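Here are my notes on this model. They take up the pairing of two chains, then the build of one of them.

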Amino acid sequence: MNIVVIVKLVPDLVEEIEISESGTSLDMEWLRLIINEFDDHALEQAILIKEETGANVTVISPELEGVDDILYTASARGADRIIKLLGDFENNSNCHALAKALSTLTSDLQPDLVLTGVQANDDLDGSVGPLLAEYLGYPYVGYVAGLKIENGKSRIKKEYPGGLVAEMEASLPALIGIQAAESPPRYVAISKVRQAMKTADLEEIEVSELQASGGPIVERMYQPETGDRATMIDGDEEEVAARLIEIFKELGVL
Amino acid sequence: MSYGTIKTILVLIGLIITFGLFGWRMYQLLWINLRRGQPSQITRNWRERFKSIIVYVAGQKRLFRFLIPGTAHFFIFWGFVLLSLTILQAIIEGLAAFADPHFIVPVLGTFGPLALVQDFFAVFVIFAVVYALYVRIFANPERYKGSHKEQGVLVLIFILTIMVSLLIMNGIRINLGVDPIANWRPISTAVGSMFAGLSASTQIIIEETSYWIHLLVVFIFLTELPIGKHFHVITSVPAVFLRNLDPKGKLPAAPEFNGEVGVSKIEQYTWRQMLDFYTCTECGRCQDVCPAYSSGLTLSPKLLMMDLRDNLKETGKLTASKSQDGTPIKELVGDVITEEVIWACTSCYACDQECPLFIEHVTPIIDMRRYLVIEGRVDDELQDALTNLARYGNSFGKSARARARWTRNIEPKIKDARKEKVKYLWFLGDYASLSPTLSDITQKTVEVFQNVELDFGILYEGEQNSGNDVRRVGEEGLFEMLVENNISEFNKSKHEVIITTDPHTYNTLLNEYPSTNGKNRSVLHYSELLDQLITSGQLTFSKKLNFNVTYHDPCYLGRYNGIYNAPRRVIEATGCTITEMPRNHDKAYCCGAGGGRIWMSEGEITERPSESRIEEAVQLIGVTDFVVACPKDVTMYRDAVKTTGNENNIVVKDLIELVHAAL
Amino acid sequence: MNQEIYVVIEHLQGKVSDISYIMLSAAQNLANSINGKVVAILLGQNAQILANDLLADNLIYIDHPELTEFTSVAYQDTLTNLIQANQPRVIIFGNTSIGSDVASVLSARLGLPMINACHHFENSQFVSQICGGKIMVEGIIPEPTAIITMIPGGYKPEEGKSDHPPETMSFDPPPIEDLPVKLIGYLEPDTGDVDISNEKILVSVGRGIQTEDNLELATELAEVLGATVCASRPVVDQGWLPTSRMVGKSGKIVKPKLYLAMGISGAPEHVEGITDSEVIVAINTDPTAPIFDIATYGAEVDLLDLAEILVEKIEDE
């Protein structure tokens, strides 16, 4: 069985995020990128399926700062092939562009299953998963938190709000948007990653021109005013508790 | 055939069987098994090694940390040494019996002073043995929990029997007038007098019986020696002689076995470590001082050694991958030694410090951790911490840029050691820079440095976690990465001395970081720096604080690096008096945060080590302050004061707070 | 040009979700700016009754057995047909497990530009929220037709409700067959538990609670306040509380009088669930935690200590 996993790098929200001078995009110089958490889960899910069924896992990621590390880590986790897409993803890209860029390569790999994170924090023009699914002509189901392969079909657990879960079946090949893997992404020791850097073959594939269309027309990007921040209560726990009780009384809760 | 001939034949047969069995067992255990182990680098340093034999084997130094049991063992040990000559004497007498039934062995049987010493030691040994039997059978202390007490009791009875039969033998020979140096044996004479009323023939029978009992018990003891904990009689001398003379705070390099890091099978330990497993006497002194064990976790350094020893012996017998009855062999890591045990260790070194035979308990645990890390078998919280360390260089998950945020409002601006030359490079560590609990203390540290016009700087965002605890958790790869970063920052900066407020950082920078340009790094803990500044007169105080305080020796400052007095001098210089806790200096009780434990989930504990320590401190009458010199201690003990409800009894202060207050 | 604003209604197990009403309210807002019409799109089987309180100018109801409950391909195919036929100005989906399964697929299939995570409309422009709420994006909704997914927070569900159903417009649905994605059944969450979305006072715990044992403190505090304990995702993932107590995008949307957030950082997925609270009090030792951006009151103290002291003080009262 062939599984392809699409992994994206997204802005690390621990760091500060700045807007570029034009005011309509993020300042890439300041930005530190981190693996999209949901893509990390998608990769973990793929490895879990590999461990159960002996599937072949290929991981593809677009060329952005830090991608090599991500791919080598994926290899250390158990990915069989790691591919970096070369192109100007830093400046001239969005989800539509990435999905289009991925579509030829992915369909050439003839996967039975394509996994990717259900969303990413910088998704302005949609999500890569469902866009790619459509370009491939594969059915798409997202918000999946449990996935088993049985008799050439995928058995899915789709999450709804409030803890409601729908059990669905999707025939293969399909593209699944992963919300959570069946178990959290395992730890990969740094020495294993370094080992992968020496032994794994990181393939590079050029993409034809990126077309960053399909999104909105951005006039302005800005950081929301933190003016309406919370009214902070100063003091130690005793003083805070006292003030809180006052507030609770005012509210009519006490 | 005369009785003498029979005697000789029996003694000969006994010798052959005994030494045969003994030799066979020694061969199995030492030759066969140890060769399964990995090679070991032992440093030469002969002078120190011979000195160790004198101090620790002959002098039994560490045993006296426990005064009465130590004294008892001293006599049993020396008694064994001196009285083994009487066994040799008995054997020679037996072998010569066919020719001369009353053969007196030269020197052993004729040198008076030796006989005198032996006589008295026999009594000392008897007292020691009776005391030891009392402890095992009636007192039954906690430290024996899990030890093979029956073996201990049996051997003590053997020794008692050997001593008593010896005295009876000697005593009757004196009665019969066949002992040329009877005057040198007052004790034996006294014992003999108890039988003086019996007829000569009866006495001879008793004497010969005693002889046979004496020899028989010796033979049995000797054959059983390699089995079980008394093997230490043989292995203790080489174990002490070959002890690790590297700095305590320096972990050995990560062993690789077929390209795999860490230990998952017993053969992946070195033969030297295996020798340690054999040498454990099951005394339990390590168990008694282990904070993990005392807090209710399943780790006991003693039981760990015993389990490793048993696994070594069991796996030596097996050749297939399944045991005799077809059940799959248990995994060393996970089954024989559970993951809970492996992660429970705080690396405080109390066990290694206490062990009379210098057995290393911490290193085998870390070897197994290295394996678990490679396998990804770490708990969620630890995984988070390691992921944050790899990504941000700190365990808090804060951006690297946040590291220097605490300096924002400081005037004058602290020098950037990456750009300006400084004398002292202050390496803060994660907690001092990023933990809100420590921010006040970090501020005061700056104020003290500024007060003495210290020429210091920091690395700002360039600093990353020093990696000491990363290493103790078993993540060697991450450690290397952090070291690379920090060393490259050190190389950018021109400085003379590195100072740090964190003992963990101190330990690894001093002992484990590779030297640059062949020069050893000069590293000072801030307590040492303050001590120097006070001595040189650069740091003076305007007031005497007159507090009655107690000082807690941090594990990585005290036990690991021997710094006990500098912090105490600093405290006293501020005008405080120190009242020591019962567990002080190298017996200080760990706060529980080390070994990466602060990054892991606590587990099922009954009492936190930090809480036990605070309870110990509040027992000291008149003591108002608990002084520490480590940021993790500040965190752990402040919490413990709250959770034990001792807010009105004691306050936790960092050393710098006293210095600051006395300025 | 067609100025119809389509709102794809979301319903599960016979109940219309709050996001649908929020979208309708948003659609009204937009319609006013572009002189448009709001058309509620309802797919289902024998589900006409669900349209009874939808605030819209018109309703298109498509009935088919395959549409009884949501499945991605059935909705994608039906809506493809509808959009191709009618070419509305905007189609609004919820940024949810339902809407997001469909929106991007249609964007690719029909070549329609797409705007994700829209928070509200300003005049005829959209304002979206990305990067965990740290960045706002304002811009033009491309012509002639665009797809938008909406997140809650900009409008109140009440504003999208009506006291009568909208006027129905007819539409001939296409045949739906050979669906590659089928619904097998639902796994109910732990029932028999409190429905926190109806509770007035909530004591909510996040990662900052550190251990399962510490939950006791939260429970005690809830008791003396007459409140219920709930949590953010990390706590539920650990198994310390059932999923019925989870607040946020994958959990429940709550609207209490008082929401006490203890040790919660304020990730957008969680914040989505609490924006309707009257008063939010956030306790977190990290002053940069995003929860402080939406809370009414905040304090940087240790939550365990505070909980203990609060319990004492309240009991004294």
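**Notes on chains A and C**

1. The contact between the chains joins 65 residues of chain A and 71 residues of chain C. Two residues are in contact if their C-beta atoms, placed from the backbone, lie within 7 Å. This is a predicted model: local features need pLDDT of at least 70, side-chain atom pairs count only at pLDDT 80 or more, and totals for chains, interfaces and linings use all residues. Residues are numbered from 1 along each chain as its sequence is written, with chains lettered from A and ligands numbered from 1 in the order in which they are written.

2. Several elements of chain A supply at least two residues each to the side that touches chain C, among them α4 (128-136), β7 (140-150) and β9 (165-171). α6(A) gives the largest share, 8 residues. Helices (H or I, at least four residues) and strands (E, at least two) are DSSP runs, numbered from the N terminus.

3. By class, this side of chain A has 38 nonpolar, 13 polar and 14 charged residues. Ala, Val, Leu, Ile, Met, Phe, Trp, Tyr, Cys and Pro count as nonpolar, Asp, Glu, Lys and Arg as charged, and the others, Gly among them, as polar.

4. β9(A) runs antiparallel to β12 (residues 181-187) of chain C, joined by 6 bridges. Pairing requires at least two DSSP bridges between two strands. Within this pair, Met168(A) stands opposite Leu183(C).

5. Chain C has 8 helices and 17 strands. Its C-alpha trace spans about 65 × 40 × 35 Å along the principal axes. Residues 24 or more positions apart account for 65% of the chain C contacts with a separation of 6 or more.
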